[in-house]
Amino acid sequence: MPTFTQDWTYWLFGLLRWSDFPPKADGIATFAASLVVLGALAVVGLVTRSGRWRWLWREWLTSLDHKKIGVMYIVLAFVMLSRAVIEAILMRTQQASAIGQAGVVSADHFAQLFTTHGSIMIFFMAMPFLTGLINYVMPLQIGARDLSFPFLNAVGLWLTAAGAALMMASLVVGKFSTGGWSGYPPYTELGFSPGEGVDYWIWAVSLSSIGSTVTGLNFAVTIYKKRCPGMDLLRMPLFCWTALCTSILMIFAMPALTVATALLALDRYLGFHFFTNGAGGDVMNYANLFWIFGHPEVYILILPAFGVWSEVISTFSGKHLYGYISLVGATMAIAVLSFTVWLHHFFTMGQEANVNAAFGIATMLIGIPTGVKVYDWILTMVRGRIRFIAPMLFAITFLLCFVIGGLSGVMLADPAIDFAVHNTLFLVAHFHNMLIPGTLFGMLAAYMLWFPKAFGFRLDEIWGRIAWALWSAGFLVAFMPLYPLGLMAMMRRTAQTTRAEYAPWLWTAEVGAVLIGLGLAALFVQLWVSVRNRARLAAPLGDPWDGHSLEWATPSPPPEWNFAVPPEVSGRDAFTALKAQGIAYREPERYEAISLPRGTGIPVVIGGAGFVCAFGLTWHIWWAALAGLFAMWGGVVWRSFQTDLERTVEAGEVAATHRHWLSRVHAVTPVGRDAETSADNRGLAEHEA
Amino acid sequence: MRFASGTDRHPGLNIHGRDPDAHRAAEPVIFGFWIFLMSDLVLFALLMATYASMSLHGIAGGPTPRQAGDLASAGVETALLLASSFTFSLTSLALKYRDDRRALVGWMALTGLLGLGFLGCEAKDFASLIGKGWAPELSGFLSAHFTLLGTHFLHVACGLAWMAVMFVQIAVRGLDQAVATRIMRLALFWHLLDVVWIGIVTLVFLQGSLS
């Protein structure tokens, strides 16, 4: 906290000084800062050189189309994934090389690395990825034209992007928090963590958490209110059910994060005593608040992936999903139980044994619905005609690895075992074992499954399999060694150790981290190769995988209005039913004009103002913080005075677009599943009785 | 007859018979706002839980809840806020049954004045606590006290700002469908803050005076 000075530099620049800008104290940090700056300049340069600014602004940044917003979320997720994977490799290198010596980075830098890695992977990789995915897929699956609140949707995107930009800014200007992704006080209080680091963390996370709250609200209202005729709740694809449960969790859990970070900010900025050591502060309040958010958050991350696995496994097994009702029930059960287990994150922090036992039992209970799901997925595959292409390969890795992670979770649910391995690499192994094969592989499988829907061409299968092999092997080699290391009592977040017996395990993990890095590179190569071969991989007719649900009943990419006429549904797996009756590509009797939301730049302004506000707060540049805050709300008020919010697409244009697609459909020979990955697959599936 | 009777699926929004399209368009908006309010209630619930913990364990030699809570002042504030909820109900009735913009604006203006009065009283309470040296920096309990009441205070202030925007919109746009549903949402927001205040009075002032 600065002493109150009348110094003009303080009024203008807050605590920001030249020394906070690069070059940094160590070479790696300077290199990272340069990468961010050069990367940003490269993007600006490329867009300028290709003269695409106007296109970018009109077609993408100001769009309120749920599909484009979904794609932008996922682009953001890949950018942040790249940074966080590089940080992971650096951390593995540090731990492997710093046995009895200094290693490659300082302890302080290492602490920043594990803090940014965790914060990014949770808030700016996994959350944008699954939000983008739900954004893209869910309205199509329920037969809707858009989300209920398209403007709010864009605001959520740009607030999240502002938080991500703040994370990136922290790499260039000043330092980030060293307090871990969970930001535990009293360490993150001013006394122990002075400076901008924790403030960066607080405001980046706050922006993302507000964005997620409004997005969850939007998803829930859409699912309740915008389903097409006949789409009863129990006829929705399972992905929509998981989206609904995740949204409910966002609505109820995100406020706890907002409260936790806001109270920490009050402590740091105004000298309050919520979580300080003295004056009646109590760190347990933070632990409770944070994990009342933090545990449901785990299920916010995993449930959409469960939805993806349900779609992937049933699609590539050529079967209806086994045990649909039990999967819905299990999803709901997990959503409810997720609020009853938060205390298992701090078994060791002083409650009596009976309290620990109650939460331990509640934790183990979650294994039951999860087990139901695993059996349902396996039984979906039984007697199916399984096609082992990349998303399905990821599903196999998921099933095998997730069960291992689940079992280590049941072990940790026992407070007695937790006391022994708490805060060791055993825990790190456990949650990576859940979140990488579960969430991340789910997101990657979803990316490969729905990419042809979004862009009209499939992703290269060979590179998809290479990516799968590298990610799967990389995950196992990187994280299995952490279990024994944990049992050998190696503490997590340790920058240096002295015990030589850790070395072989840590070097093995290092190899795994490099394999994961190569897996990430393989994903980018896959994208590059696929874009180059997009003519050969084209599947514009919309149904490359013989899909079951309504998103496949549209062209790829779908028109902005999704469906020429609202679909009518009479059962589960609606598109399969239409194909079976031979009426999937029938011309509707009549077309109607469609209203669509006009694009607007206001959400971008709100996000930009959010960034300015958060940056100002971080560096105590009060005028910027106030200006940003007023600009954000000014954007909202400005919007409320606009009246001409929609444009109309005439029935004739809808009809022409639709007929053009239908004529292409009728001109093409359907392909069987044997030819799924061949150039013949234009997105028209042969019906197999 | 702006909001004539019909199937009333949401309070105040029963225009299904007269204007089904407007009803359908407005319904998800009102429903979405209810969900936002639920999320906001979680926020208050967590602040109340924090207060409950801090008012027991966070005294740290500072004032107790009994010393910090001014029951008489809370009584006046409660009267003001409850009266403002009543006048907002009259605003809603003017919106619903009488296409009477003057009555609507009048009742809403009175609501705003009562809200301002509430904020004034609360600001006086805060100032008097700080005047006694009982600022939020003194103890965990006072931090929680100021934060819980302050969050409610900020909500009411935001409600007033929203109301000000609505006066301008009524003048500029008239009572079109969008403006009408915004007034309905503001009404929900306002009544919710009343409900939260009842919780605060019970937890902070009544329980404090008994402790």
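Across all chains, the structure holds 19 salt bridges, a salt bridge being a side-chain nitrogen of Lys or Arg within 4 Å of a carboxyl oxygen of Asp or Glu. The model is predicted: local features need pLDDT of at least 70, side-chain atom pairs count only at pLDDT 80 or more, and totals for chains, interfaces and linings use all residues. Residues are numbered from 1 along each chain as its sequence is written, chains are lettered from A, and side-chain values use heavy atoms, with hydrogens and water left out.

In chain A, the side chains of Arg647(A) and Glu560(A) form a salt bridge with an N to O distance of 2.7 Å. This pair links distant parts of the chain, 87 residues apart: Arg647(A) belongs to strand β2 (residues 646-649), and Glu560(A) to the loop between α17 (503-532) and α18 (574-580). Helices (H or I, at least four residues) and strands (E, at least two) are DSSP runs numbered from the N terminus. Arg647(A) is partly exposed at 29% relative accessibility, and Glu560(A) is partly exposed at 30%; buried means under 20% relative accessible area, exposed over 50%, and partly exposed in between (1.4 Å probe, protein chains only).

A salt bridge also joins the side chains of Arg659(A) and Glu587(A), at 2.8 Å from N to O. Here Arg659(A) lies in helix α21 (residues 651-667) and Glu587(A) in the loop between α18 and β1 (594-597), 72 residues apart. Relative accessible area is 45% for Arg659(A) and 37% for Glu587(A).

Chain B consists of six helices and zero strands. Of its 211 residues, 55% count as buried. Among contacts in chain B with a separation of 6 or more, 72% involve residues 24 or more positions apart, where contact means heavy atoms within 4.5 Å.

Thr111(B), in helix α4 (residues 101-131) of chain B, is buried, with a relative accessibility of 0%. A polar atom of the side chain of Thr111(B) lies 2.7 Å from the backbone oxygen of Trp107(B), and the side chain of Thr111(B) reaches the backbone nitrogen of Phe88(B) at 3.4 Å. Such a polar contact is a pair of N or O atoms within 3.5 Å; within protein, one must be able to donate a hydrogen and the other to accept it, and residues adjacent in sequence count only if both atoms are side-chain atoms. Leaving aside residues up to four places away in sequence, Thr111(B) touches Ser84(B), Thr87(B), Phe88(B), Thr91(B), Met163(B) and Trp190(B).
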